[in-house]
Amino acid sequence: RVTAVDYGSGNLTGGGVTIGDTYPNGGTITEILANTTNTAQRASYTFEVLSTDGCGPVGGFTTNVDVNPSPIFTVTNNAADICSGSTVDIDLLSPTANATITLDNVDYGTAGGTLANGQTFTPGTMLNEVLTNATNAPATVTYTFSVSANGCNNPATQQAVVNVDPIPGLTVTNNIPVICSGGTVDIDINSPTLGAVATLDNVNYGAAGGTLAPGATFTDGEKITEAIVNGTNAPVTVSYTFSISANGCAGADIETVEVVVNPTPTMSVTDNNDAFCSGGLTDILLNSPTGGAVIELVSVDYASGNVVGSLSGGEAFTNGQRIRENLTNTTDAVQTVAYTFRADAAGCGPTADIVEVVTVYPAPSMGITNALPVLCEGTATDITLNTPTENGQIRVTAVDYGSGNLTGGGVT
């Protein structure tokens with residue numbers, strides 16, 4: 001007969017034995033007890049025995065059953081999304097005394113880690129291994145845990161899933177590193193990483209002008225094709241600096257490309273002696289403020305061959321040089337010589353042609369025909385004066401009337 005029963009001071013449920021219950025010889029107590037705590041609880045049964053012939057009772061027979069709790073645990077994933085090379089942050093907790101948490105399975109997928117199936121952890125452990133993802137797409141890592149304590153297992157497992165995003169890569173290709181003012185840059189932006197976005201962290205136009213601003217973003221395969229204007233006389237270097245990110249992960253690559261923008265050349269031609277006589281000297285000053293400019297004498301027309309000079313066309317000059325050559329007019333007419341110039345600088349140009357014209361007057365000549373070199377007093381002279389020179393004028397430079405012995409002459 002039961003004389004006392006204690007179900008763990010009330011912490012065990014499911015027990016049906018009460019004081020006064022009697023059992024025959026060979027009787028059994030088979031009840032399922034549930035432990036409502038996280039520590040072992042004791043069920044204590046006390047019995048006495050008596051006989052049907054009136055002997056007894058004899059008491060003080062006690063037996064105990066220790067009931068371990070069914071272990072419970074929690075898995076808290078504090079960082080469900082991380083970047084490749086970062087550390088997971090998984091808390092493993094169990095209030096159950098003597099609990100052991102086991103990593104039943106870890107599936108790294110395309111990522112890389114260090115744990116193996118079957119590793120065990122004590123409650124309070126923080127799982128913080130480093131995961132790497134060498135691919136160009138996010139990888140999923142799944143951890144599956146179970147718990148046991150004091151020989152008791154909890155069949156329910158828990159999982160923690162961590163997304164491991166790759167570190168994005170970046171390639172910036174500058175297809176035209178040198179352009180002329182007004183030309184278009186050609187820069188390719190590429191990243192193999194899924195979801196990658198390239199950011200223009202900085203653009204330095206220097207003395208040039210463009211259209212982009214820091215913060216502009218580009219995706220894989222996009223191209224920068226803006227036109228850049230250089231209003232100075234010297235080359236300007238424009239630099240673009242890019243960074244890359246994908247799914248919250250910053251890339252290690254910082255790419256900077258530079259484009260040299262050469263100016264559009266300008267030139268001036270100053271003719272300091274634009275008209276002179278045959279045999280005179282030209283004085284043509286050639287100027288270009290553009291750095292590295294070359295001024296080319298495209299052609300020279302010596303009045304279709306009527307003027308003799310020394311150039312042939314194709315000669316190159318730099319800023320500040322002069323053309324000083326003697327020109328000879330082989331005719332009796334006024335002739336013009338045309339010089340055609342254009343400028344080029346670092347492959348930019350050429351400028352519009354400038355034509356400079358020099359007028360070359362002929363050297364004057366004359367002829368005298370004296371029909372009557374000897375005549376009688378009172379007869380008129382017959383002297384004819386001729387000059388083939390255009391705009392020629394014959395002028396008397398001296399006259400002698402027989403040292404004064406001839407009268408009637410009117411030439412002065």
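I began with aspartate 188, which counts as buried at 18% relative accessibility. For my own reference, buried means under 20% relative accessible area, exposed means over 50%, and partly exposed lies in between (1.4 Å probe, protein chains only).

A note on what I am looking at: this is a predicted model, in which local features need pLDDT of at least 70, side-chain atom pairs count only at pLDDT 80 or more, and totals for chains, interfaces and linings use all residues. Residues are numbered from 1 along each chain as its sequence is written, and side-chain values use heavy atoms, with hydrogens and water left out.

**Entry: salt bridges**

I looked up the partner of aspartate 188 and found a salt bridge with lysine 223, the closest N and O atoms being 2.5 Å apart. Here a salt bridge is a side-chain nitrogen of Lys or Arg within 4 Å of a carboxyl oxygen of Asp or Glu. Lysine 223 sits in strand 23 (residues 223–224) and aspartate 188 in strand 19 (residues 187–190), so the pair ties together parts 35 residues apart in sequence. Strands, I note, are DSSP runs (E, at least two residues), as helices are (H or I, at least four), numbered from the N terminus.

Glutamate 48 belongs to strand 4 (residues 41–49) and arginine 1 to the segment before strand 1 (2–7), 47 residues apart. Glutamate 48 is buried at 17%, while arginine 1 is partly exposed at 38%.

**Entry: disulfides**

Next I searched for disulfides (a pair of cysteine sulfur atoms within 2.5 Å) and found 2. Cysteine 83 is joined to cysteine 249, S to S 2.0 Å. The torsion about their S-S bond is about -100°, so this disulfide is left-handed. Cysteine 83 lies in strand 7 (residues 81–83) and cysteine 249 in strand 26 (residues 249–250), so the link ties together parts 166 residues apart in sequence.

Cysteine 180 and cysteine 348 form another disulfide, with sulfur atoms 2.0 Å apart. Their link is left-handed too, with -95° about the S-S bond. Cysteine 180 is partly exposed at 28%, whereas cysteine 348 is buried at 2%. Counting bonded cysteines along the chain, I get the pattern 1-3, 2-4.

**Entry: the nonpolar cores**

Which residues touch the most other members of the largest nonpolar core? Of its 26 residues, they are Ile90, Leu131, Val141, Tyr143, Phe145 and Val162. Such a core is a set of buried Ala, Val, Leu, Ile, Met, Phe, Trp, Tyr and Cys residues joined through side-chain atoms within 4.5 Å. Strand 15 gives the largest share, 6 residues. Apart from this core lies another of 24 residues, among them Val172, Phe218, Tyr240 and Ile244.

Last, I traced an open sheet of 3 strands in the order 8-14-11, with antiparallel pairing. Two strands pair if DSSP finds at least two bridges between them. Strand 8 (86–87) and strand 11 (111–112) are at the edges with a single partner strand each, so one side of each has no neighbour in the sheet. Between strand 11 and strand 14 (residues 130–133) I find 2 bridges, and alanine 111 stands opposite asparagine 133.
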